[in-house]
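Q: Can you walk me through this one? I'd like to start with the ligands.

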Amino acid sequence: LLGDDGRLGLTIFEEVTALAQQHSAINLGQGFPDEDGPQEILDAARSAIASGANQYAPGQGLAVLRNAVAAHQSRFHGLEVDPQTEVIVTTGATEGIAASVLAFAGPGDEVLTFEPFYDSYGAVIGLSGATHTTAPLLAPDFQPDPATLEAAFSERTRIIVVNNPHNPTGSVFSRESLELIVRLAERYDALIVTDEVYEHLVFEAKHLPIATLPGARARTLSISSAGKTFSITGWKVGWLSGPADLVAQVRTVKTFLTYTSGTPFQGAVALGLGLPDDFFTTAAATLQKKRDLLGEGLRAAGFEVFTPKGTFFALADAAPLGLDDATDLARRLPALIGIAAIPVAAFCHDDGARRTRSMLRFAFCKKFDVIEEAAHRLAGLR
Ligand code: PMP
Ligand code: GLN
């Protein structure tokens with residue numbers, strides 16, 4: 001099922017979720033919370049539907065959400081953006097990424113990502129006709145390595161896609177790492193497309209949006225979404241901000257991908273973005289406890305665990321258990337112990353897949369009792 005030629009057009013997340021369902025396994029594969037987000041956000045969508053907000057929203061998104069995005073960028077990041085010309089609403093972060101790559105890269109260009117990389121980056125770079133180049137993030141800290149990052153840039157690099165906090169490694173890029181990315185993007189005149197969907201889910205670290213660094217703003221498109229922050233991954237409401245001339249080009253592509261989406265959800269997400277600070281800090285603190293609980297379980301089961309500084313995910317190396325092929329293990333785990341996880345190789349090209357051959361990604365965005373039960377089951381691996 002997970003083989004290179006057997007993908008049948010499904011994402012790795014869909015494949016693992018199907019396996020989990022088949023074996024009634026605890027699904028620590030696909031990253032979605034098992035509890036819904038704040039009641040007032042859910043209620044706001046319900047009342048928007050009831051009050052007739054059910055037809056097309058404007059192409060750039062409802063003004064109420066664009067204003068809320070601008071206020072959020074200012075409040076949390078000190079970034080001032082014009083909600084009229086520098087913000088668009090997208091169908092999840094996925095569309096923001098796709099429209100940005102399709103707007104600016106094509107045959108003959110290179111688009112650089114770190115490796116491991118979120119699966120949709122590889123797919124959309126392929127669709128654009130550009131060449132996908134990569135720079136590795138290596139254990140244990142998964143920060144960019146200056147020499148290999150520099151070597152990965154070329155005169156043809158049109159875009160560097162940054163994902164910070166990073167899925168699947170859970171790393172949060174340091175200021176030095178981000179400064180290096182900006183310096184290289186300037187030197188090679190590349191755009192920075194930054195996917196910051198986990199911006200509020202950081203632990204013992206501070207998230208620094210790359211657009212806030214000197215020299216970055218004029219060449220950066222910043223992307224985020226409501227799915228992770230508010231535990232509403234099924235709503236697919238995202239947003240993108242950046243300089244007006246770049247945003248206008250992305251909007252043109254977005255118009256012909258989806259035009260617009262999710263009218264009744266947009267106002268509800270605007271309400272979420274305006275929640276008090278306490279909501280955001282409590283969500284991260286709760287998730288940190290879940291991270292720690294799963295980490296203990298994985299360690300007790302014999303894995304080497306790379307404690308993440310952000311995201312929903314922890315990487316664990318199965319090599320200490322004598323298990324070297326995590327892709328094979330991911331295929332067998334649901335039947336073996338009733339747990340599903342994603343092999344890190346699924347986020348890699350060949351070299352990266354070799355480097356991460358024995359690593360699995362586990363999601364900890366689940367209820368405490370579910371994580372406890374998962375830890376109990378994992379102990380059965382020994
Ligand atoms: N980027 C990253 C790094 C992700 O982990 C995900 C998964 N939610 C997405 C983008 C997709 O976000 P959305 O569901 O808002 O399209
Ligand atoms: N972002 C989620 C993850 O990394 C999955 C989203 C999807 O299924 N495409 O697990």
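Q: Which residues surround ligand 2?
A: T11, F13, Q30, G31 and N167 surround ligand 2. A residue is near a molecule or strand here if its C-beta atom, placed from the backbone, lies within 6 Å of it.

Q: What is this model, and how are things numbered?
A: This is a predicted model, where local features need pLDDT of at least 70, side-chain atom pairs count only at pLDDT 80 or more, and totals for chains, interfaces and linings use all residues. Residues are numbered from 1 along each chain as its sequence is written, while chains are lettered from A and ligands numbered from 1 in the order in which they are written.

Q: Back to ligand 2. How does the shell divide by class?
A: The shell around ligand 2 has 1 nonpolar and 4 polar residues, and no charged ones. Ala, Val, Leu, Ile, Met, Phe, Trp, Tyr, Cys and Pro count as nonpolar; Asp, Glu, Lys and Arg as charged; the others, Gly among them, as polar.

Q: And ligand 1, how many residues surround it?
A: 15 residues surround ligand 1. The closest are G92, A93, T94, N167 and S225. By class, the shell around ligand 1 has 3 nonpolar, 9 polar and 3 charged residues.

Q: Which helices supply at least two residues of that shell?
A: Helix 4 (92-104) and helix 8 (226-229) each do. Helix 4 gives the largest share, 3 residues. Helices (H or I, at least four residues) and strands (E, at least two) are DSSP runs, numbered from the N terminus.

Q: Which way do its residues point?
A: V237, W239 and S241 point one way from strand 8. G238 and L240 point the other way.

Q: What pairs with strand 8?
A: Strand 2 (residues 87-91) pairs with strand 8 in the antiparallel sense, over 5 bridges. In that pairing, I88 stands opposite L240. Strand 7 (residues 220-225) also runs antiparallel to strand 8, joined by 4 bridges. There, S224 stands opposite W239. Two strands count as paired if DSSP finds at least two bridges between them.

Q: Is strand 10 buried or exposed?
A: Strand 10 is mostly covered, with 5 of its 5 residues buried. F313, L315 and D317 lie on one side, A314 and A316 on the other.

Q: How many bridges join strand 10 to strand 9, and to strand 13?
A: 3 bridges join strand 9 to strand 10, and D317 is the bridge partner of E304. 5 bridges join strand 10 to strand 13 (residues 359-363), where A314 has F362 as its partner.

Q: How many residues are between strand 9 and strand 10?
A: There are 6, and the two strands form a hairpin. T311 in the turn has a positive phi of about 80 degrees.

Q: Where does L28 sit?
A: L28 is in the loop between strand 1 (26-27) and helix 2 (39-50). L28 is buried, with 29 other C-beta atoms within 10 Å.

Q: What does L28 touch?
A: Leaving out residues up to four places away in sequence, L28 touches I339, A340, A341, F362, A363, K366 and A374. Contact means C-beta atoms, placed from the backbone, within 7 Å.

Q: Last topic, domains. What does the assignment give?
A: It gives domain 1 (12-30 + 278-381) and domain 2 (55-273). Those bounds come from an automatic or database domain assignment. 25 residues of domain 1 are in contact with 26 residues of domain 2.

Q: Which element gives the most to the side of domain 1 that touches domain 2?
A: Helix 11 does, with 6 residues. That side divides into 15 nonpolar, 6 polar and 4 charged residues.

Conventions
A residue is buried if 20 or more other C-beta atoms lie within 10 Å of its own, exposed if 12 or fewer, and partly exposed in between; C-beta atoms are placed from the backbone. Two residues are in contact if their C-beta atoms, placed from the backbone, lie within 7 Å.
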